[in-house]
Every structure is written in structure tokens, then in C-alpha cells.
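Hello! Here are some notes to read with the sequence and the model side by side. Take the points one at a time and find each residue as you go.

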Amino acid sequence: MTDVLPQPDCSLKAVCEPLERGCRLDELEEPGSKRAPNTGARLWGRVRSKLLRHKLDPQTVETKNWHTDVIEMNGIKVEFSMKFTSRDMSLKRTPSKKQTGVFGVKISVVTKRERSKVPYIVRQCVEEVEKRGIEEVGIYRISGVATDIQALKAVFDANNKDILLMLSDMDINAIAGTLKLYFRELPEPLLTDRLYPAFMEGIALSDPAAKENCMMHLLRSLPDPNLITFLFLLEHLKRVAEKEPINKMSLHNLATVFGPTLLRPSEVESKAHLTSAADIWSHDVMAQVQVLLYYLQHPPISFAELKRNTLYFSTDV
């Protein structure tokens, strides 16, 4: 990923938030300057484009130094610094030392404590997104404000009685970001470290029948809290994709956002295979996306039906 830090003379957050919304930037303009219509949106597009170019540039990937850049349009200037952070560090999972919260705590511990099948945080975030964010353009793709996400994280961890009130007042992208953060900070991915190699092999099978048997068997192999939560999230993402003409989020877009979060190798396996910076963009990431896309495109999957099915299929494919 690319870390972006604002320079002392310009708060990146102050620039990006209104740019994202296309709001007025009068306070950021130089005296006497005139701003063309949609300057904010076009400038933010340039910022994103430049960030992406540097992120994909091999020389930038291989250096650990900060890179400073400036983008200017119609009297508005965005100055920022960025450097590349390797995937194994940016996606590193750090288990929480406090087992009383929900972030960084095993999903089985949370569901047992709550006496629920799906963690409360997942249910509430999904409910709020479906209530007022399912038609939001770029839902789950557009990032929420980091401070809002951290505030929600703290409230859920503390099991604060004002959670519902705070959710109802919070920007929907922050709520979507909180849900993604919860899954990203699980001690191990929702689809588990143990089954990761089998998922990678199963999705690569060319025979449709063999792939179907393998992929369903892998779901049955998940711990119940993981499986129930995954199926709950799966149906939610399908409902989001039904609004694609409005929110522009297709099944593939959603799989791209959530795939590497729900399914990725353990730290031990990552270190064993990470030999160069180029490996960061390995085929594994595409396979992770394809695994989630497979299930998103699959007809509805029932937990009870999976458990009733006694078909055994070896994961040694």
C-alpha cells in the first residue's frame, strides 16, 4: 500500500474530504483565483491517478524512501509525501491483548461471549449499510474518514450503549470501512489460515464438477462461527451488487475489495514466499478475488444444507 502524509502547510484530510464530495474549496484557494466547475473532483482524480502510477512503478516499489509530490489545478495545490509499505506489513494481523473487545479477537470468542451466531458488529454495520448506504456510489470501495472509523472501533470495543445512535449519525462510508477493518484485524482470516492452500488449489481446478465439490467441502470445513458469518456477509454483498446500476459496485468489484481481506496466507507462509517486491502483486491476490467471486456468483448457499451434505472431497487436490 502507499502511505500518504500531508506536508505542514496543507492538511491532506482537509483537502481530500471536500474533494471527494466535490464541495467548495474557497478556504484552500489563493486570493483572487477563480475555480472552474468540478475542479475539486478533477483534482482529486489527478491525485488518485498519480498515487496509482507511483504505486505500480517498479522503482517506487523497490525503494523505502519517502517520495514528495505536488499537484496543482486552478489555484488549488495538494502537496503530499508517500512511500511504499510491503503487503506483509500493511496486512499484518495483530491479535488484541484485550479479549473483552471485538477487534483483533477470535470470532469464536466474540460469538460465544455474545451468544450469537454472527458478531454484533457485523450485523449492525450490514444493517446500517442496507438501510441507507446500499445505493451509495462506490460503497465499500470509497474509504471513510479514518478518525470516524477509529471512533466506531472504540465504541464497538467498549460495547458502548450509544452504538446505535452513533451509527445512525455516522457517514455510511465510515461504517462500511469499520466492517472491513473488523475482518482485516481478525487474528486469522475469516476463511482461516489452515484452509488457505486448499482454497487456492480448489479455485484453480478446471473441471466444474470437481471445483464445485471442492469449494463446497471447504466451506463445510470452516468452524461454524466463521461459516455462518461468511454466508451472512455473502448474501449482504449479493444484495449490494443488485444495486450495481446505481452504486456501481459489481460482484467483481466487491470481490476485489473483500477477497484479500477474508482470505490470505498466514504470516509464516507469506514470509516463505515473499522473495522480492514484485511478488507483492502475485497471482495469489487474483486467486483470493476469484475465490470470493466464485461464492458470490454461486446460487444461495444454506448452512443447514451444507451440514446435511455428507459428501467428502479430499482437499489434497
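1. **A starting residue.** At 37% relative accessibility, Asp 162 counts as partly exposed; that label covers the range between buried (under 20% relative accessible area) and exposed (over 50%), using a 1.4 Å probe and protein chains only. Its partner is Lys 161, which forms a salt bridge with Asp 162, with 3.7 Å between the closest N and O atoms. A salt bridge here is a side-chain nitrogen of Lys or Arg within 4 Å of a carboxyl oxygen of Asp or Glu. Lys 161 is exposed, at 78% relative accessible area.

2. **How to read the values.** Please keep in mind that this is a predicted model, in which local features need pLDDT of at least 70 and side-chain atom pairs count only at pLDDT 80 or more, while totals for chains, interfaces and linings use all residues. Residues are numbered from 1 along each chain as its sequence is written, and side-chain values use heavy atoms, with hydrogens and water left out.

3. How many salt bridges does a search of the whole structure find? The count is eight. One of them joins Lys 131 to Glu 128, with the closest N and O atoms 3.8 Å apart. These two residues are three apart in helix α6, so about one helical turn separates them. Helices in this note are DSSP runs (H or I, at least four residues), numbered from the N terminus, and strands are runs of E with at least two. Is Glu 128 buried or exposed? Glu 128 counts as buried at 6% relative accessibility, whereas Lys 131 is exposed at 57%. Together with Arg 132, Glu 128 and Lys 131 are linked in a network of salt bridges.

4. **A link between distant parts of the chain.** Lys 243 and Glu 135 also meet through their side chains in a salt bridge, at 3.8 Å from N to O. Lys 243 sits in the loop between α12 and α13 (244-247), and Glu 135 in the loop between α6 and α7 (146-158), so this pair joins places 108 residues apart. Both ends are partly exposed: Lys 243 has a relative accessible area of 31%, and Glu 135 has 43%. Look also at Glu 244, which is found in helix α13. The C-alpha atoms of Glu 244 and Glu 135 are separated by 8.1 Å, although the two residues are 109 apart along the chain. Leaving aside neighbours within four places in sequence, Glu 244 is in contact (heavy atoms within 4.5 Å) with Met 249 and Ser 250.

5. **Helices α6 and α12.** Two packed helices are described by the angle between their axes and the distance between the axes. Helix α6 (residues 120-132) and helix α12 (residues 224-241) pack at about 10°, with axes 11 Å apart. The axes are lines fitted to C-alpha atoms, for helices over the stretch in contact, and angles run from 0 to 180 degrees between N-to-C directions. The two helices are therefore roughly parallel; the classes are roughly parallel under 35 degrees, roughly antiparallel over 145, roughly perpendicular from 65 to 115, and oblique for the rest. On the α6 side, Val 122, Arg 123, Val 126, Val 129 and Glu 130 meet Thr 229, Phe 232, His 236 and Arg 239 of α12.

6. **Helices α10 and α16.** The axes of helix α10 (residues 196-203) and helix α16 (residues 283-297) come within 9 Å and cross at roughly 75°. That makes α10 roughly perpendicular to α16. In α10, Tyr 196, Phe 199, Met 200 and Ile 203 take part in the contact; their partners in α16 include Ala 287, Val 291 and Tyr 295. Why is α10 described as largely enclosed by the rest of the structure? Six of its eight residues are buried, among them Ala 198 and Gly 202.

7. **Aromatic rings.** The count comes to seven aromatic pairs, where rings of Phe, Tyr and Trp (its six-membered ring) pair if their centres lie within 6.5 Å, and planes under 30 degrees apart are stacked, over 60 edge-to-face and the rest tilted. Tyr 182 and Phe 183 form an edge-to-face pair, 5.4 Å centre to centre with 65° between the planes. Tyr 182 is buried at 0% relative accessibility, and Phe 183 is buried at 0% too. Phe 199 and Tyr 295 have ring centres 6.5 Å apart and planes at 85°, so this pair is edge-to-face. Phe 199 lies in α10 and Tyr 295 in α16, so the pair ties together parts 96 residues apart in sequence. Phe 199, Phe 230, Tyr 294 and Tyr 295 form one aromatic cluster.
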